Amino acid sequence: MKHKFLLLLWMLCWGMGGFLQAQDSDSLTKRDMRRIRNQQKEKYFILGIGATYNRILDKQMSGNNYYGAGGTFWWGRQVTTPKLMKSFHFFKGNVAGLFPPSLQSQVIMGMIESDVAYTYTLNTSKESPWTLRVGGFASLFGNLRFNTALGNSALNYDIMLSVGPAFQAERKFTIPLLELPALLDYRFRVPLLAYLNRLPDYSLPYFGSPKGFFMPFGRQGRVVSDLGLILPLRSGNLNRVRFAYTWDFYGYRESEIFVTRVASHALTIALQVKL
């Protein structure tokens, strides 16, 4: 009887040991998988500057088109995994001075934006030099215009919160002779739905309080097209630099009078620091 009891106790202990070992093995596997996923992530802090050329038409303030140069700057973050890319602009600004063809007045323009985009990888093959991503974005965008020739209606602004699809294509290649790895990067965004807040009619406060309304695609429009070339700072360095051309068009139309068009061309350079 005593031997049976000892045998039963040994079997119970052995079974509990196997169970705990299996649990520990499972937890190790989960930790290993989590560690592998973290190793697959590429995280970059991004700091960029550039020069812009801009055109503005704001019929509430003037019937003229205004043209002029300016500067842009931003900082953000990018996280990439084999299946997903998350990109953030914590702050992006553009300041410019613009003139009509007659040079009789000046418009000082400021644009600010914060946005986030999630794009999912369509092809995960490591053999293909192409990577295609599709997803969506959300943006909080503001445009301020100050016309020095006007009096109490000199200031006008628009604030737009928008959501829409985002597309990205990348192609890896090697620059001949230099044997330097490079990445050609194209990004495209267009909002499908936006909430717009603007100053009262004709930018005059006694016309009422600021107006806010939802605008589907067609009544409002914004297109951001960005083509970039990414290079390592030097051979074997994980930090990168991105040279890019960006075309950013924004506008809306409420009626024949309330028409706004803002277009910006930018040549930029951005430092991408590996985290």
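This is a predicted model: local features need pLDDT of at least 70, side-chain atom pairs count only at pLDDT 80 or more; totals for chains, interfaces and linings use all residues.
Residues are numbered from 1 along each chain as its sequence is written, and side-chain values use heavy atoms, with hydrogens and water left out.

Let me begin with the overall picture: the protein chain has one helix and twelve strands, where helices (H or I, at least four residues) and strands (E, at least two) are DSSP runs, numbered from the N terminus. Of the 275 residues in the protein chain, 38% are buried, and here buried means under 20% relative accessible area, exposed over 50%, and partly exposed in between, with a 1.4 Å probe and protein chains only.

Now to the inside. A nonpolar core is a set of buried Ala, Val, Leu, Ile, Met, Phe, Trp, Tyr and Cys residues joined through side-chain atoms within 4.5 Å, and the largest one here has 16 residues, with I56, L98, M109, M160, L196, Y250 and V262 touching the most other members. Two or more residues of this core come from each of β3 (84-98), β4 (107-121), β8 (193-198), β9 (211-216) and β11 (240-253), and β4 gives the most, namely three residues. If we leave aside the neighbours of M160 within four places in sequence, its contacts include L140, F141, L196 and Y250, contact being heavy atoms within 4.5 Å.

Finally, the aromatic rings: the whole structure holds seven aromatic pairs, and rings of Phe, Tyr and Trp (its six-membered ring) pair if their centres lie within 6.5 Å, with planes under 30 degrees apart counted as stacked, over 60 as edge-to-face and the rest as tilted. F88 and F90 form a stacked pair, at 6.2 Å centre to centre and with 10 degrees between the planes. Both residues are partly exposed, F88 with a relative accessible area of 21% and F90 with one of 43%. Elsewhere in my notes on rings, F73, W75 and F91 form one aromatic cluster.
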